[in-house]
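Here are my notes on the model, point by point. Please read them with the structure open.

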Amino acid sequence: PQDGRRISYLLQGQVGPTFIPVEFGVGIKMLAGAISTAFQVAPREVERRFKKAGDYGLVAESFTDKMSGSRSIENVFESLECIARTSGAGSVERKILQISDLIRSMGSLENRYFARILIEKLRLGVGDPTIIDALSFARVGNKADSADVERAYNRTSDLGLVAEQYLFAGLSGLEAMQVEVGNPVRMAQAARLSSGM
């Protein structure tokens with residue numbers, strides 16, 4: 001269940017609910033520097049590959065020679081939180097070292113998406129409804145629970161928390177979730193009528 005929470009956030013390119021903006025503070029130049037450091041290549045080679053691919057995720061993937069890495073979801077998630085918290089004097093250098101260590105330990109596909117998360121350009125095309133349906137599929141094998149998952153999400157605006165509760169306790173876990181002070185409530189969208197009135 002804890003990994004379900006983390007995965008739900010990561011699919012949104014976050015390390016928390018969307019109403020709590022967490023910035024990684026990683027720009028394109030910093031990411032390019034981390035890729036250069038991780039693979040011990042000249043910055044101009046990173047830039048050359050970026051001009052060809054147009055995506056730093058693909059650039060990081062192109063330098064990676066292994067299919068999968070040694071990091072768990074929990075470890076990557078905690079590392080992203082650490083990168084977001086790093087600030088103050090010397091933070092740029094510390095972030096570059098943290099990112100390059102992570103990149104070096106990951107596999108090719110992991111690097112593609114990790115790099116994209118850092119610069120907030122995930123490009124998955126996965127929205128909240130897809131994650132909601134996927135949670136239902138993960139637990140019951142179909143979309144039968146999707147409406148209940150969405151209802152809990154509408155009350156909490158925290159898809160990661162909903163995922164954790166649902167994967168841990170099923171529908172009874174969702175029923176226990178209530179509106180909390182300080183957390184926004186997602187507004188219901190208008191439904192179209194079948195006729196033109």
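1. Start at the end of helix α2. Gln40 follows α2 and has a positive phi, near 50°. Helices here are DSSP runs (H or I, at least four residues), numbered from the N terminus. The model is predicted: local features need pLDDT of at least 70, side-chain atom pairs count only at pLDDT 80 or more, and totals for chains, interfaces and linings use all residues. Residues are numbered from 1 along each chain as its sequence is written, and side-chain values use heavy atoms, with hydrogens and water left out.

2. The length of α2 checks out. Its twelve residues (28-39) should span 16 Å at 1.5 Å a residue, and the end C-alpha atoms are 17 Å apart, which agrees. The expected span is 1.5 Å times one less than the number of residues.

3. Which residues of α2 are buried? They are Met30, Leu31, Ala32, Ala34, Ile35, Ser36 and Ala38. Buried means under 20% relative accessible area, exposed over 50%, and partly exposed in between (1.4 Å probe, protein chains only). The cover over these residues includes α3 (43-53), α4 (56-63), α6 (91-105) and α7 (108-118).

4. α7 is mostly covered, with eight of its eleven residues buried. Among them are Phe114, Ile117 and Leu118, and also Arg112 and Arg116. Their cover includes α1, α2, α4, α5 and α6. Glu120 follows α7, again with a positive phi, near 60°.

5. Now look at α1 against α5 (residues 73-85). Their axes come within 10 Å and cross at roughly 50°. Axes are lines fitted to C-alpha atoms over the stretch in contact, with angles from 0 to 180 degrees between N-to-C directions. The pair is therefore oblique: the angle is not under 35 degrees (roughly parallel), over 145 (roughly antiparallel) or 65 to 115 (roughly perpendicular). Asp3, Arg6, Ile7, Tyr9 and Leu10 in α1 meet Ile73, Glu74, Phe77 and Leu80 in α5. Contact means heavy atoms within 4.5 Å.

6. Check Gln12, in the loop between α1 (2-11) and α2. Leaving aside neighbours within four places in sequence, its contacts include Thr18, Leu122, Tyr153 and Leu159.

7. Val140 lies in helix α8 (residues 128-140). At 38% relative accessibility, Val140 counts as partly exposed. Beyond neighbours within four places in sequence, Val140 is in contact with Asp145 and Tyr166. The C-alpha atoms of Val140 and Gly170 are separated by 9.4 Å, though the two are 30 residues apart along the chain.

Terms used:
Helix = DSSP H or I, 4+ residues; strand = E, 2+ residues; numbered from the N terminus.
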